[in-house]
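The model under discussion is a predicted one.

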Amino acid sequence: MKKNKYLILTILWMLFIFVMSQTPGDDSSKQSNFIVDIIIHILPITRDTLSFIVRKCAHMTEYAILAFLLYKTFVHKQNPLIKSFLFTFLYACSDEFHQLFIAGRAGQFKDVCIDSTGALIMLLIIYFINKRKDKKRLR
């Protein structure tokens, strides 16, 4: 069961992303605006700019978490970082395609790039942590 723990968490996270993508555009904006309403009083920034930043950070975070879970799923396979990134990229592509069929949503390749950037940042963090651990083991 321990081996399958990350696979199960990965599938659950993918379902979460799918459900979030099912949300019509107006409802999705309302979710983002909840966070924006909290932050807008702290930062001197326009509402539209802050809303854009919050939405895109949410995309990056969702896919960073997916990349982490995929890495943990593939960790004992060959090239887990590359497999994790490719799988995350393909899932981001399928997610944007899925959004083409949701009212008020639009599938956009720039969102695939933003999602993939979140994944890439997470996988780079994992890479450098692993590299540091390897250096310590060699000492």
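The crossing of α3 past α4 is right-handed. In this predicted model, α3 spans residues 47-74 and α4 spans residues 80-99. The two helices pack with their axes 9 Å apart, at an angle of about 135°. Because angles over 145 degrees count as roughly antiparallel and 65 to 115 as roughly perpendicular, α3 and α4 are oblique to each other.

**Contact between α3 and α4**
- From α3, the contact is made by His59, Tyr63, Leu66, Ala67, Leu70, Tyr71 and Phe74.
- From α4, the residues in contact are Pro80, Leu81, Lys83, Ser84, Phe87, Thr88, Tyr91, Ala92, Asp95 and Glu96.
- Sorted by class, this contact comprises 11 nonpolar, three polar and three charged residues.

**Largest nonpolar core**
- Nine residues form the largest nonpolar core: Met14, Ile17, Tyr63, Leu66, Leu70, Phe74, Tyr91, Ala92 and Val112.
- Two or more residues of this core come from each of α1 (2-22), α3 and α4.
- The greatest contribution is that of α3, which gives four residues.
- Tyr63, Leu66, Leu70 and Phe74 of α3, together with Tyr91 and Ala92 of α4, take part in the helix contact and also belong to this core.

**Surroundings of Val112**
- Val112, a member of the largest core, touches Phe89, Ala92, Cys93 and Glu96, with residues up to four places away in sequence not counted.

**Second core**
- A separate core of five residues has Ala67, Tyr71, Ala119 and Ile126 among them.
- Ala67 and Tyr71 of α3 also take part in the contact with α4.

How values were computed. Residues numbered from 1 in each chain as written. Predicted model: local features only at pLDDT ≥ 70, side-chain atom pairs only at ≥ 80, totals over all residues. Heavy atoms only, no water. Axes fitted to C-alpha atoms, helices over the stretch in contact; angles between N-to-C directions. Parallel < 35°, antiparallel > 145°, perpendicular 65-115°, else oblique. Left-handed = near helix turned anticlockwise from the far one by under 90°. Contact = heavy atoms within 4.5 Å. Nonpolar A, V, L, I, M, F, W, Y, C, P; charged D, E, K, R; others polar. Core = buried A, V, L, I, M, F, W, Y, C linked by side-chain atoms within 4.5 Å. Buried < 20%, exposed > 50% of the residue type's maximum accessible area, 1.4 Å probe, protein only.
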